[in-house]
Amino acid sequence: MLILKNLEYAYEQTRFDFSLSIEQGSFLAIIGPSGSGKSTLLDLIAGFISPESGEISFNNTVFNQLSPAERPVSMVFQENNLFTHLDVETNVALGISPNLKLSQSDRNSITDALQRVGLGDYSKRLPGELSGGERQRVALARTLVRKKPLLLLDEPFAALGPALRTQMLALVKELHEEKNLTTLLVSHQPEDARSTASHTAFLDNGQIEVLAETEKFFAIKDNKALRDYQGSA
Amino acid sequence: MAQGNEQIMSDQRAKTLPRIAGFSALFFIALVTFGAFAALATRATTGFPLSEIFTDAYLGQVIIFTLWQATLSSVISIGLAIPTARAFARQSAFTGRDSLLKLFALPLALPALVGVLAVLGLWGRSGWINQLTGDLLSFSIFGLPGILIAHVFFNLPLATRLFLSSLERIPVENWRLASQLQMPAGSIFKFIEWPVLKTVLPGIFALVFMLCLTSFTIVLTLGGGPSSTTLEVAIYQSLRFDFDPGRAVTLAVIQLAITLILLAISFRFTKTLPDMASLKSAMPRPDAGTLSARFFDLGLIIIAGCFVALPLLALVLDGLSADLFKLLTTPAVLKAITTSIILALVAAILCLALCWAMLKAIVDQNSFYAKLVSFASSVILVMPVIVLGSGWFILLHRFGDVFSFAPLLVIIINALMALPFAHRILGPALMEASLKHGRLVTSLGITGWARFRLIDFPVLKKPLLLAFAFAMALSLGDLGVIALFGSEQITTLPLLLFKSLGSYRTHDAQGLALLLAIACLLILYTADKLSRSSR
């Protein structure tokens with residue numbers, strides 16, 4: 001169970017106040033207009049910013065006092081997920097050991113992870129030699145070796161074309177099920193939520209306006225902010 | 001649970017260590033700067049009446065000359081740089097333009113003393129101009145003319161490049177509009193160019209003025225007498241020749257006060273150019289094609305080009321005609337070269353270590369500390385090297401032989417002198433890298449040595465190398481501190497050059513100047529190449 005209790009935070013003119021609880025193993029898609037706080041929500045959970053008050057816990061362990069590296073969290077950003085001067089294998093290895101002290105079993109798990117995301121032959125390449133989709137696969141491979149139960153995805157496929165995005169979402173969904181992850185995906189595309197997520201949340205003005213099972217979520221007609229966001233359709 | 005605690009501890013350490021290192025660096029800089037300042041201040045109040053400024057005629061004359069030469073130098077440099085930059089901007093395609101602009105970057109990379117030798121090679125008593133004109137002109141460069149020529153030699157190309165880069169940022173849409181409206185050259189200057197130039201003018205003027213105000217080496221070598229002495233040179237003379245620390249204190253306090261006042265004024269007027277978004281396409285300017293425009297522009301470029309290029313050519317030819325082999329086998333020269341390289345190397349390392357510690361502590365820290373660091377860095381820029389040096393000279397001479405402290409002081413003061421430059425090269429690069437990788441690095445928990453080895457060094461190799469090379473070249477060519485503290489035991493290449501110039505061994509001086517120029521350029525060039533070749 002991931003629980004956020006009255007997580008308060010202020011940035012410039014906007015006040016954020018987040019509360020939510022979702023079951024372990026859920027796949028939560030987060031949608032909403034720009035500036036509504038989607039990325040802020042993930043940054044708070046990952047620990048890149050600190051809330052003024054409130055509490056974050058996962059399976060009854062409060063973790064908002066921990067540093068980003070110690071939290072039960074892996075995150076994939078929209079870009080700059082890889083160090084461009086390090087090869088694919090090393091980028092993944094940094095997920096296991098931040099000073100690259102690796103055992104044989106660590107090396108095996110890196111190879112396995114790269115194979116799992118379909119990049120088994122790419123271990124010695126530099127990020128610059130990969131396509132945008134491939135780079136995000138490397139980032140996903142790194143989340144696999146980190147073995148953290150929470151996976152945060154901040155619009156990781158926004159820069160990819162529609163076909164590739166669908167493919168990548170399918171991969172994420174598979175990994176999510178295989179590893180029994182609890183996944184939060186920020187997206188600009190409501191159809192991503194519809195196709196992949198078990199739950200969907202709608203953020204507006206720094207608040208979680210609606211959170212429901214995806215099927216029910218898209219049946220909601222009586223929320224004005226959500227209706228405005230989705231357009232007349 | 002125990003492991004959890006340990007991790008929290010290690011996270012605390014990860015944040016605390018850069019902070020401690022940063023504060024230590026700041027403390028060290030403060031100690032050196034304020035140590036010198038305190039030494040001056042205590043002597044100024046107990047030892048010497050400051051009221052002498054108003055009664056001592058010579059002192060008044062020195063102050064006036066200091067300001068006068070800086071004003072003239074800046075006005076001439078800027079006055080010539082604006083039309084030259086405009087000519088370069090208008091004629092954007094002639095053969096040799098890029099090489100000429102590269103040449104314009106050269107004087108700034110050379111030590112002041114080398115520039116002096118270059119200027120002497122063209123304008124000096126036995127320079128090319130006097131040789132050509134014979135007894136017809138036979139003018140002496142020493143005094144105000146020499147100071148002005150040398151200052152313009154250094155600052156005209158610098159100011160030209162700065163003005164040109166601002167002119168080149170004018171959006172191409174402006175030129176399209178100007179040709180549609182058939183604007184004459186006068187209107188183009190008034191409505192398009194001048195507004196841009198006007199914005200950057202105060203900043204460039206302040207920079208050039210400050211450089212001329214604190215250009216110790218040029219005035220020391222080309223001043224040629226008590227009637228053309230600046231405050232810094234007077235400080236040096238009162239410490240090294242008259243041994244009158246009290247007088248040095250008075251002069252240093254005045255120099256510091258003038259620098260501070262001018263800095264305050266320039267802060268008031270300096271603006272940065274707003275970012276002008278533009279289409280990326282080269283569009284010939286409507287006012288560049290006419291015959292008279294070409295004639296005027298190219299004429300101006302040739303004159304300015306000769307002014308910069310001929311002294312450099314004289315430097316190379318004079319240097320080559322000296323007996324370089326004999327110089328390089330003279331024990332004194334070899335010893336000076338070794339000393340110079342060791343001192344410069346250590347100074348550059350110290351400079352980079354201080355700069356790195358300060359910057360690493362700012363990144364991801366609160367803004368108060370960031371302000372403190374940039375304040376510290378600009379305080380050093382304000383502190384003229386000679387003032388810093390003379391403060392420590394006065395402080396240490398109570399404790400024994402000042403000259404035995406020489407290596408340490410040369411290293412420390414040269415390192416501090418290079419710090420603002422290193423800060424300017426490394427700062428933005430480090431900020432950018434932190435923006436790009438900061439979250440990833442913290443989320444993976446990469447800290448300490450691993451972070452430096454795996455992430456920071458590879459990513460920041462280029463700016464680190466450049467900052468190092470810059471600091472080293474600056475220390476290698478410096479005459480200021482070593483002139484105060486140098487002795488028979490500790491002599492650097494610039495000091496040796498200065499001495500052979502003083503004892504009329506002109507050929508030796510020319511040879512040494514060429515060697516020094518080559519050394520500095522080689523360092524900068526190597527750093528540039530190394531940082532490019534690595535992936």
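**Exercise 1. Find how helix α3(A) packs against helix α4(A), and which residues meet there.**

Step 1. Start with the geometry: in chain A, the axes of helix α3 (residues 104-116) and helix α4 (residues 132-146) come within 9 Å and cross at roughly 135°. Axes here are lines fitted to C-alpha atoms, for helices over the stretch in contact, and angles run from 0 to 180 degrees between N-to-C directions. Helices are DSSP runs (H or I, at least four residues), numbered from the N terminus.

Step 2. Name the arrangement: that angle makes α3(A) oblique to α4(A). The cut-offs are under 35 degrees for roughly parallel, over 145 for roughly antiparallel, 65 to 115 for roughly perpendicular, and the rest for oblique.

Step 3. A crossing is right-handed if the near helix is turned clockwise from the far one by less than a right angle, and left-handed if anticlockwise.

Step 4. List the partners: A:Ser109, A:Ile110, A:Ala113, A:Leu114 and A:Arg116 of α3(A) meet A:Ala141, A:Leu144 and A:Val145 of α4(A). Being in contact means that C-beta atoms, placed from the backbone, lie within 7 Å.

Step 5. Sort them: the contact of α3(A) with α4(A) has six nonpolar, one polar and one charged residues. Ala, Val, Leu, Ile, Met, Phe, Trp, Tyr, Cys and Pro count as nonpolar, Asp, Glu, Lys and Arg as charged, and the others, Gly among them, as polar.

A word on the model: it is predicted, so local features need pLDDT of at least 70 and side-chain atom pairs count only at pLDDT 80 or more, while totals for chains, interfaces and linings use all residues. Residues are numbered from 1 along each chain as its sequence is written, with chains lettered from A and ligands numbered from 1 in the order in which they are written.

**Exercise 2. Describe the packing of α12(B) and α17(B).**

Step 1. The axes of helix α12 (residues 245-269) and helix α17 (residues 385-396) of chain B come within 10 Å and cross at roughly 150°. The two helices are therefore roughly antiparallel to each other.

Step 2. The crossing of α12(B) and α17(B) is left-handed.

Step 3. Residues of α12(B), including B:Pro245, B:Ala248 and B:Leu256, meet residues of α17(B), among them B:Val387 and B:Ile394. This contact has seven nonpolar, three polar and no charged residues.

**Exercise 3. Where is the kink in α18(B) centred, and what does α18(B) supply to the contact with chain A?**

Step 1. The kink, about 60°, is centred on B:His437. The bend is the angle between axes fitted to the seven residues ending at a residue and the seven starting there.

Step 2. The contact takes 18 residues from chain B and 18 residues from chain A. On the side of chain B that touches chain A, α18(B) gives the largest share, seven residues.

Technical notes. Two residues are in contact if their C-beta atoms, placed from the backbone, lie within 7 Å.
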